[in-house]
Amino acid sequence: MNRSKALELVKPHLTEHRYVHTIGVTDTAVELAGKYGADIEKTEIAAIFHDYAKFRPKDEMRSIIIEQSMPEDLLEYSSELWHAPVGAYLVKCEMGITDEEILGAIKYHTSGRPNMTLIEKCVFIADYIEPGRAFPGVEEVRQMAQQDLDKAIALSLRNTVQFLMKKNQPVYPATFYTYNSIVKTHN
Ligand code: DGI
Ligand code: FE
Ligand code: FE
Ligand code: FE
């Protein structure tokens, strides 16, 4: 599937704002893939579809998590986490994308996971730093992403965890596992 076909397929599933975000993530992820040597075509398709399920009704996502035997602890945490694994599943069923590397990058784009692949890392960090993002600390992560992908991911996760804690929100364990795995291997 090429870029323009993929964008045409994802567009009806997104709002205008989310579509612009998706293009920002795609361009950023492709640039990072080139820089760090990830498969560019796969990274591009994963980025285009990373938020495919963002606007699915919560009930539909909850049913898929249960029926497809996804980790049920997801249901105890923010529904904001659900569109990532559910998106990977729906992109496979509805878009016919079966490449596990592409599906992994969609599945883990919100929480990350320990020992992420290069494609997963490129999509994960592009989602955080794409040009449309303007939250505190993003510029530091943008700069770090040009030097060290893992350190950029650690910084972004630190920011996310701090942000959630300030709002008194629970943090999904996988987010901590991802953070820990990177910090441990870099100290
Ligand atoms: O879909 P996007 O907005 O582009 O970005 P995303 O998929 O990375 O994150 C979506 C939301 O998920 C974001 O508002 C913060 C939230 N989130 C990320 N990690 C965690 C989390 N929420 C909880 N409760 N726990 C987490 O670990
Ligand atoms: Fe997302
Ligand atoms: Fe993200
Ligand atoms: Fe996103």
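Helix 5 and helix 6 each supply at least two residues of the lining of the second largest pocket. Helices here are DSSP runs of H or I with at least four residues, numbered from the N terminus. The model is predicted, so local features need pLDDT of at least 70 and side-chain atom pairs count only at pLDDT 80 or more, while totals for chains, interfaces and linings use all residues. Residues are numbered from 1 along each chain as its sequence is written, chains are lettered from A and ligands numbered from 1 in the order in which they are written, and side-chain values use heavy atoms, with hydrogens and water left out.

Stay with the second largest pocket. About 250 Å³ of space lies in it. It has 13 lining residues, and Ala88, Tyr89, Glu100, Leu103 and Lys107 are the closest to its centre. The lining divides into 7 nonpolar, 2 polar and 4 charged residues. In this scheme Ala, Val, Leu, Ile, Met, Phe, Trp, Tyr, Cys and Pro are nonpolar, Asp, Glu, Lys and Arg are charged, and the others, Gly among them, are polar. A pocket is an open set of points on a 1 Å grid over the protein atoms alone, where a 1.4 Å probe fits, with protein on both sides within 12 Å along at least five of seven lines; lining residues have an atom within 4 Å of a point. Grid points are joined across faces, edges and corners, and a volume is the space filled by probe spheres set on the points.

The largest pocket holds about 940 Å³ of space. Its lining counts 30 residues, with Thr110, Tyr128, Thr160, Phe163 and Leu164 nearest its centre. Helix 7 and helix 9 (149-166) each supply at least two of the lining residues. Helix 9 gives the most, with 8 residues. By class, this lining has 11 nonpolar, 11 polar and 8 charged residues.

Now turn to the metals. The iron ion (ligand 4) is coordinated by His21 (NE2), His50 (NE2), Asp51 (OD) and Asp127 (OD), at 2.2 to 2.3 Å. Donors are N, O and S atoms within 2.8 Å of the metal (3.2 Å for Na, K and Ca); water is not among the atoms, so sites may look incomplete. Along the chain, the donors of ligand 4 follow the spacing H-x28-H-D-x75-D. Asp51 bridges the iron ion (ligand 4) and the iron ion (ligand 2), which lie 3.6 Å apart.

The iron ion (ligand 2) is coordinated by Asp51 (OD), His83 (NE2) and His109 (NE2), at 2.1 to 2.2 Å. The spacing of its donors is D-x31-H-x25-H. Asp51 lies in the loop between helix 3 and helix 4 (58-67) and His83 in helix 5, so the pair ties together parts that are 32 residues apart in sequence. The iron ion (ligand 2) and the iron ion (ligand 3) are 5.6 Å apart.

His50 has a relative accessible area of 0%. For Asp51 the value is 2%, and for His83 it is 5%.

Helix 3 (residues 40-49) is mostly covered, with 7 of its 10 residues buried. These are Thr43, Glu44, Ile45, Ala46, Ala47, Ile48 and Phe49. They pack against helix 1 (3-10), helix 2 (16-36), helix 5 (83-95), helix 6 (100-107) and helix 7 (118-129). At the start of helix 3, a side-chain oxygen of Asp39 reaches to within 3.1 Å of the backbone nitrogen of Glu41. Such a polar contact is a pair of N or O atoms within 3.5 Å; within protein, one must be able to donate a hydrogen and the other to accept it, and residues adjacent in sequence count only if both atoms are side-chain atoms.

Two threonines complete the tour. Thr43 sits in helix 3 and is buried at 0% relative accessible area. Its side chain reaches the backbone oxygen of Asp39 at 2.6 Å. Beyond its neighbours within four places in sequence, Thr43 is in contact (heavy atoms within 4.5 Å) with Ala29, Val30, Ala33, Ala38, Ile119, Cys122 and Val123. Thr28 belongs to helix 2 and counts as buried at 10% relative accessibility. The Thr28 side chain reaches the backbone oxygen of Gly24 at 2.7 Å. Neighbours within four places aside, Thr28 is in contact with Ala126, Ile129, Glu130 and Pro131.

Technical notes:
Buried means under 20% relative accessible area, exposed over 50%, partly exposed in between (1.4 Å probe, protein chains only).
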